[in-house]
Amino acid sequence: MVEEDERQIIERILAGSDLAFRKILDLHTQRIFNYVRRMTSNSIEAEDLAQETFIRFWVSRDRFDPDRVKLTTWLHRIAHNLCIDYFRRRQLQERQVPVQSDSQDSPDTDYELSIRAAVVNKALMTLSERQRSAIVLCHYQNFSQHDAAHILGLSVHALESLLRRGRSKLKQILAEELE
Amino acid sequence: MNLERFKLIVESYGADSQQWSGDERVEALEFSRTSSDAMSLLDQAAELDQHLALFELPNSELSVRRIEMGILSAFKQESLKQGTLERLLNWVLPDFDDLAHTLWRPTLVACMPLLLGVAIGLMLTNNTYELSSDEELSLLAFTDPVSEEWSNE
């Protein structure tokens, strides 16, 4: 399931080596940040969530079984669950204190991204969290169907269904926005 | 492979065959070469893929560094949060899983009062009061050697 080098690093992490953990940070931080960044559309929140992902991994490292799941899949699963919690919290806050209609957009989106990228970003943010996550995992993070389904806690069939509906919605929005 | 299944694959995973399931890839690629409808579906999916590819993230080197720094500083704080007593207890009481390897720790701690007693004892014996030569002479002067000899007899 895992390559020999990664297995050695994981064994050292499970034994509590913080040096091995730093190695994992070097290897996976960028990828986890990209996933969370695309999910939240907010760099600051994405930094916090990516940070929390690795801290949670370290704290509950004894629950990780490298024979059953790849490390990157496990980390993405933690990140995904944190994103879901984040969206729930935000929904609750928005119910308590109504915010302006463009709340889906992050404050930094327009400054950081090119116009066309911002349009795609905005379109992605209109999807449900699960549809967005499915597309980000398969299209941008290049996960196989099996691994993406594992991260989302779904069957491959359910993942396909999410992807199809998500892509169909994106197609409609982007056709209008980019023409 | 039929058009219905091919449509489902392309609408779900896009036009890039590398994204398709390995079990169906060869069959689906062969089907796409023989069917004009399949070709048309591929073109439509490729258009959306191109749009999605526009969403490139900006350079995030600084963000990544901040994340790593944040995690490492959280680590330091976590280790500092443990009090001295807690750290001592953690050291003394071994993990249940690793009991055999760390059995020496409680044994050593149990021996500590004994070692402490021996150390205190040694310190006290070294510090016994030594008489100066004048004090020794005056003490001898108070003894009565004649009466001592008689009592011996």
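How much area is buried between chain A and chain B, and what share of it do carbon and sulfur atoms give? The answer is about 3400 Å², with 64% from carbon and sulfur atoms; buried area here is the accessible area (1.4 Å probe) that two parts lose on being put together, summed over both. This is a predicted model, in which local features need pLDDT of at least 70 and side-chain atom pairs count only at pLDDT 80 or more, while totals for chains, interfaces and linings use all residues. Residues are numbered from 1 along each chain as its sequence is written, chains are lettered from A and ligands numbered from 1 in the order in which they are written, and side-chain values use heavy atoms, with hydrogens and water left out.

**Where the chains meet**

- Chain A brings 40 residues to the contact and chain B brings 33 (contact: heavy atoms within 4.5 Å).
- The rule finds 3 salt bridges across this interface (a side-chain nitrogen of Lys or Arg within 4 Å of a carboxyl oxygen of Asp or Glu).
- E47(A) and R66(B) form a salt bridge, their closest N and O atoms being 2.8 Å apart.
- On the side of chain A that touches chain B, α2 (18-40), α3 (43-59), α6 (115-126), α7 (129-140) and α9 (156-178) each supply at least two residues (helices: DSSP runs of H or I, at least four residues, numbered from the N terminus).
- Helix α2(A) gives the most to that side, with 11 residues.

**Aromatic pairs**

- Over all chains, the structure holds 8 aromatic pairs (ring centres of Phe, Tyr and Trp, the last by its six-membered ring, within 6.5 Å; planes under 30 degrees apart are stacked, over 60 edge-to-face, the rest tilted).
- The rings of F21(A) and F57(A) are stacked, because their centres lie 6.3 Å apart and their planes are at 20 degrees.
- This pair links helix α2 to helix α3 of chain A, 36 residues apart.
- F21(A) is buried at 0% relative accessible area, and F57(A) is buried at 1% (buried: under 20% relative accessible area, with a 1.4 Å probe and protein chains only).
- Ring pairs join F21(A), F57(A), W58(A), F64(A) and W74(A) into a cluster.
- In chain B, F6(B) and W20(B) pair edge-to-face, 5.9 Å centre to centre with 80 degrees between the planes.
- Both F6(B) and W20(B) are buried.

**Helix α8 of chain A**

- Helix α8 (residues 145-152) is largely enclosed by the rest of the structure, because 6 of its 8 residues are buried.
- Among them are D147(A), I151(A) and L152(A).
- Just after α8(A), G153(A) takes a positive phi of about 70 degrees.

Key: Buried < 20%, exposed > 50% of the residue type's maximum accessible area, 1.4 Å probe, protein only.
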